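I opened the model today to look up how its parts pack together. My notes follow in the order I checked things.

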Amino acid sequence: MTSNNDAVTLTLEGRLDTITAPDLEKEIVSLTEASSLELDFSKLDYISSAGLRVLLTARKTFAKKGGMIIKNVNETVLDIFEVTGFRDILSIQ
C-alpha cells in the first residue's frame, strides 16, 4: 500500500476470491482517511464473484469521496469485467 496526500494505492497479487476477498475488504474499510483509491491489478491473475462484490462496495464508498480507479488489468480479468458488466460501472485505466 502506498499513500500520497490521502490518495491510497493498493497493489493486488494472485487471486481475489472467497479466501482473499475478506482481507481486501478489511483493508478498504480501514481506509477511513483516504480521499481516493487506486487499485493496481498488474499482479492479479483472477477475480471471483466475491472479489467483484468487494469492488462494488469499495466503488460505492469512494464515489462519495474522490473516486476509485483500477489500473493495469490483464485480459483474463478484463474479460470477467466485460461478461459481468463491471467494465461499464468501474473506472478502469
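Predicted model: local features only at pLDDT ≥ 70, side-chain atom pairs only at ≥ 80, totals over all residues.

The axes of helix 1 and helix 2 come within 9 Å, and I read a crossing angle of roughly 10 degrees. Angles under 35 degrees count as roughly parallel, so helix 1 is roughly parallel to helix 2.

Next I listed the residues that make this contact. Helix 1 gives A21, L24, E25 and I28, while helix 2 gives A50, G51, R53, V54, A58 and F62. Sorted by class, the contact of helix 1 with helix 2 has seven nonpolar, one polar and two charged residues.

I then turned to the largest nonpolar core. I noted 29 residues in this core, and those touching the most other members are L37, F41, I70 and F81. Which elements give two or more residues to this core? I wrote down strand 2 (7-16), helix 1 (21-29), strand 3 (36-47), helix 2 (49-63), strand 4 (68-71) and helix 3 (75-84). Helix 2 supplies the largest share of the core, with six residues.

I looked up I70 by itself. Not counting residues up to four places away in sequence, I70 touches L39, F41, L55, F81, L90, S91, I92 and Q93.

My last entry is on S48, which I found in the loop between strand 3 and helix 2. Is S48 buried or exposed? Its relative accessible area is 11%, and buried means under 20%, so I put S48 down as buried. Leaving aside neighbours within four places in sequence, S48 is in contact with L16, D17 and T18.

Methods: Residues numbered from 1 in each chain as written. Heavy atoms only, no water. Core = buried A, V, L, I, M, F, W, Y, C linked by side-chain atoms within 4.5 Å. Buried < 20%, exposed > 50% of the residue type's maximum accessible area, 1.4 Å probe, protein only. Helix = DSSP H or I, 4+ residues; strand = E, 2+ residues; numbered from the N terminus. Contact = heavy atoms within 4.5 Å. Axes fitted to C-alpha atoms, helices over the stretch in contact; angles between N-to-C directions. Parallel < 35°, antiparallel > 145°, perpendicular 65-115°, else oblique. Nonpolar A, V, L, I, M, F, W, Y, C, P; charged D, E, K, R; others polar.
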